[in-house]
Amino acid sequence: MTPIEYAPRSLLYVPGSNARALEKAQGLAADVLIIDLEDAVPADRKGAAREAMRAAVLASFPGKRVAVRVNGTGSAGQAADIAALAGLELDAVVLPKVDAVADLDPLRGLGLPIFAMIETPVAIYAARDIAADRDVRGLIAGLNDLAHELRLPDGMDRGAMSHAIQAIVLAARAGGCWCFDGVYNAIDDAAGFVAEADEGRRLGFDGKTLIHPSQVDPCNRAFAPSPREIAAAEALVAAATGGAQRHDGRMIEDMHVAAARALLERAGR
Ligand SMILES: CC(C)(COP(=O)(O)OP(=O)(O)OC[C@H]1O[C@@H](n2cnc3c(N)ncnc32)[C@H](O)[C@@H]1OP(=O)(O)O)[C@@H](O)C(=O)NCCC(=O)NCCSC(=O)C[C@H](O)C(=O)O
Ligand SMILES: [Mg+2]
């Protein structure tokens, strides 16, 4: 495992209770694997999932970046989840249903970067403070729970959640941390997934959370600079003279040069 230095593009949930998925995850190209102890795990299998998670982290993921999603603050299982992380080399811990900065407190002793999930109306209004917390490295949109909390008649309706989704990106940027889009539930709808991942990138997310292996490669492509973007950024940087100028039929200024340099750095140029 290596420290997370660059924003991950793809973060795949792997249920701690699914032995085959834990095995399969070893060969997948997700930037981060999130071993889940929360909603993917039935209540009567939480203990077994903790043990499987420990065994997998200790033995199965050399070279992978791995996080664990523990149960939420105030839930029955959280203390046992945190205890089960002792001695493990992890890259991050994911905390669901973070409604306030105080919800982070039980995790502070772990000394790990926290990815805080924003999944309730209360959390949307607290997201700026959560994002600014010293231990929070990223926000994750939990849109299944948010849709439920909002009582949306059509379930995962991103149009109906557009204000909340944008608020998560704004909070992350105001607080200086990364932000990751929510999951796409329709695992057999490849075109729909690509459209949603592209939309997430356009909205400003750094990457996207995933639930199925088939989503990993399309997600990595969607959140990586394309050859067209790289060529345009190289041309812009080469042409820049400082201040306002005409380039390729439009005005560019210093912030456009900074954005182009950031894109090239992300692309490894
Ligand atoms: C969604 C699934 C339940 C679908 O399962 P299934 O129909 O069994 O999948 P497939 O048969 O298509 O699987 C093909 C192979 O891939 C492996 N697999 C499947 N999913 C994963 C995975 N997530 N990680 C690793 N490997 C996976 C299968 O084992 C098959 O392997 P093979 O034997 O070689 O053919 C299932 O995909 C699943 O459980 N996904 C994760 C669900 C999850 O973690 N949910 C919780 C996180 S999402 C969430 O909570 C979001 C947030 O909180 C919110 O509120 O929105
Ligand atoms: Mg959730």
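Trainee: Which strand does Arg69 lie in?
Mentor: Arg69 is in strand β3. Bear in mind throughout that this is a predicted model.

Trainee: Is Arg69 buried or exposed?
Mentor: Arg69 is buried, because 28 other C-beta atoms lie within 10 Å and 20 or more is the cut-off for that class.

Trainee: What does Arg69 touch, leaving out residues up to four places away in sequence?
Mentor: On that count, Arg69 touches Ile34, Asp36, Leu37, Glu38, Val94 and Pro96.

Trainee: Which residues does UniProt list with Arg69 under "binding site"?
Mentor: The UniProt record, an unreviewed entry, lists Arg69 and Glu119 under that heading. The two are spread over 51 residues of sequence but cluster in space, with a largest C-alpha distance of 14.0 Å.

Trainee: And the "binding site" annotation that covers Glu119 and a second residue, what is that other one?
Mentor: Asp145; UniProt, again in an unreviewed entry, has that annotation covering Glu119 and Asp145. They span 27 residues in sequence, yet no two of their C-alpha atoms are more than 5.5 Å apart, so they gather at one spot.

Trainee: Where does Glu119 lie?
Mentor: In the loop between β5 (114–118) and α4 (121–132). Glu119 counts as buried because it has 25 C-beta neighbours inside 10 Å.

Trainee: How about Asp145, where is its place?
Mentor: Asp145 is in helix α5. Asp145 has 18 other C-beta atoms within 10 Å, so this residue is partly exposed.

Trainee: What are the contacts of Glu119 and Asp145, sequence neighbours within four places aside?
Mentor: Glu119 touches Pro96, Lys97, Gly142, Asp145 and Leu146. For Asp145, the contacts are Lys97, Glu119 and Thr120. Lys97 is in contact with Glu119 and with Asp145.

Trainee: Switching to ligand 1. Which residues come nearest?
Mentor: Tyr13, Ala21, Ala40, Gly142 and Asn144 come nearest, out of 23 residues around ligand 1. The elements giving two or more residues to that shell are β1 (10–15), α1 and α5 (143–150).

Trainee: By class, how many nonpolar, polar and charged residues does that shell have?
Mentor: The shell around ligand 1 has 13 nonpolar residues, six charged and four polar.

Trainee: Next, helix α2. How many residues has it, and how far does it reach?
Mentor: Helix α2 covers residues 46–59, which is 14 residues, and reaches 20 Å from its first C-alpha to its last. That is close to the 20 Å expected at 1.5 Å a residue.

Trainee: Which residues of α2 are buried, and what do they pack against?
Mentor: The buried ones are Ala49, Arg50, Ala52, Met53, Ala56 and Val57. The buried residues of α2 pack against α1 (19–25), β2 (32–36), β3 (66–69) and α3 (78–84).

Trainee: Zooming out, how is the chain divided into domains?
Mentor: Into domain 1 (10–222) and domain 2 (227–266). Their centres, taken over C-alpha atoms, are separated by 33 Å.

Trainee: What feature does UniProt place at residues 9–213?
Mentor: The unreviewed entry has "domain: HpcH/HpaI aldolase/citrate lyase" there. Over residues 9–213 the chain is 37% helix and 19% strand, with the end C-alpha atoms 14 Å apart.

Trainee: Where is Glu229?
Mentor: In helix α9 (residues 227–239). Glu229 has 15 C-beta neighbours inside 10 Å and so counts as partly exposed. Between Glu229 and Gly142 there are 29 Å in space, C-alpha to C-alpha, and the two are 87 residues apart in sequence.

Trainee: Last topic, backbone angles. What is the phi of Arg151?
Mentor: Positive, about 60°, although Arg151 is not a glycine. Most residues other than glycine have a negative phi. Arg151 is in the loop between α5 and α6 (162–175), and it counts as exposed because it has 6 C-beta neighbours inside 10 Å.

Trainee: What about the phi of Asp248?
Mentor: Asp248 is not a glycine either, and its phi is positive at about 55°. Asp248 is in the loop between β9 (245–247) and β10 (250–252). With 9 other C-beta atoms within 10 Å, Asp248 is exposed.

Note on methods: Residues numbered from 1 in each chain as written. Chains lettered and ligands numbered in written order. Predicted model: local features only at pLDDT ≥ 70, side-chain atom pairs only at ≥ 80, totals over all residues. Helix = DSSP H or I, 4+ residues; strand = E, 2+ residues; numbered from the N terminus. Expected span 1.5 Å × (residues − 1). Buried ≥ 20, exposed ≤ 12 C-beta atoms within 10 Å, placed from the backbone. Contact = placed C-beta atoms within 7 Å. Near = placed C-beta within 6 Å. Nonpolar A, V, L, I, M, F, W, Y, C, P; charged D, E, K, R; others polar. UniProt positions renumbered as here; feature names shortened; annotations may be inferred. Domains from an automatic or database assignment.
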